[in-house]
Amino acid sequence: MKMANSQEATIVNRRKTLNQNQIMLSAIEVFSEIGYMKATVKDITTRANVGHGTFYHYFKNKNDLLERLENDLLEKEEKD
């Protein structure tokens with residue numbers, strides 16, 4: 001049985017959000033453990049259990065990821 005397009009889109013969007021969140025959480029852990037400068041994309045993707053391609057689908061590079069983490073933190077502070 002085939003799913004409706006809206007259901008497929010919802011599943012895909014949920015998977016994208018999960019992947020992106022997993023990468024971001026893994027980056028925080030890696031940065032905390034070994035520091036931003038020593039951390040590599042490979043360290044982050046290994047921790048997140050995703051491929052390099054998945055990382056680059058969401059982020060341009062490690063610096064882009066750090067900027068996104070900073071922006072998320074600032075948004076949370078503004079809400080509180």
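Reply: Let's start with a charge and a ring: the charged end of Lys 62 sits over the ring of Tyr 36, 4.2 Å from the ring centre. For a charge to count as sitting over a ring, NZ of Lys or CZ of Arg must be within 6 Å of the ring centre and within 35 degrees of the ring normal. Before going on, keep in mind that this is a predicted model, where local features need pLDDT of at least 70 and side-chain atom pairs count only at pLDDT 80 or more, while totals for chains, interfaces and linings use all residues. Residues are numbered from 1 along each chain as its sequence is written, and side-chain values use heavy atoms, with hydrogens and water left out.

Tyr 36 counts as partly exposed because its relative accessibility is 23%; buried means under 20% relative accessible area, exposed over 50%, and partly exposed in between (1.4 Å probe, protein chains only).

Tyr 36 also belongs to an aromatic pair. Rings of Phe, Tyr and Trp (its six-membered ring) pair if their centres lie within 6.5 Å; planes under 30 degrees apart count as stacked, over 60 as edge-to-face and the rest as tilted. By this rule there are three aromatic pairs. In one of them, the ring centres of Phe 31 and Tyr 36 are 5.2 Å apart and the planes meet at 70°, so this pair is edge-to-face. Phe 31 is buried, because its relative accessibility is 14%. Compare the rings of Phe 55 and Phe 59: with centres 5.5 Å apart and planes at 40°, they make a tilted pair. Both Phe 55 and Phe 59 are buried, and together with Tyr 56 they form one aromatic cluster.

A pocket is found on a 1 Å grid over the protein atoms alone: it is an open set of points with protein on both sides within 12 Å along at least five of seven lines, and its lining residues have an atom within 4 Å of a point. The volume of the largest pocket is about 230 Å³, where volume is the space filled by probe spheres set on the points, and points are joined across faces, edges and corners. Helix H1 (5-34) and helix H4 (62-79) are the elements that each give two or more residues to this lining; helices are DSSP runs (H or I, at least four residues), numbered from the N terminus. H4 gives the largest share, six residues.

Methods
On a 1 Å grid over the protein atoms alone, a cavity is a set of points where a 1.4 Å probe fits but cannot get out, and a pocket is an open set with protein on both sides within 12 Å along at least five of seven lines; lining residues have an atom within 4 Å of a point.
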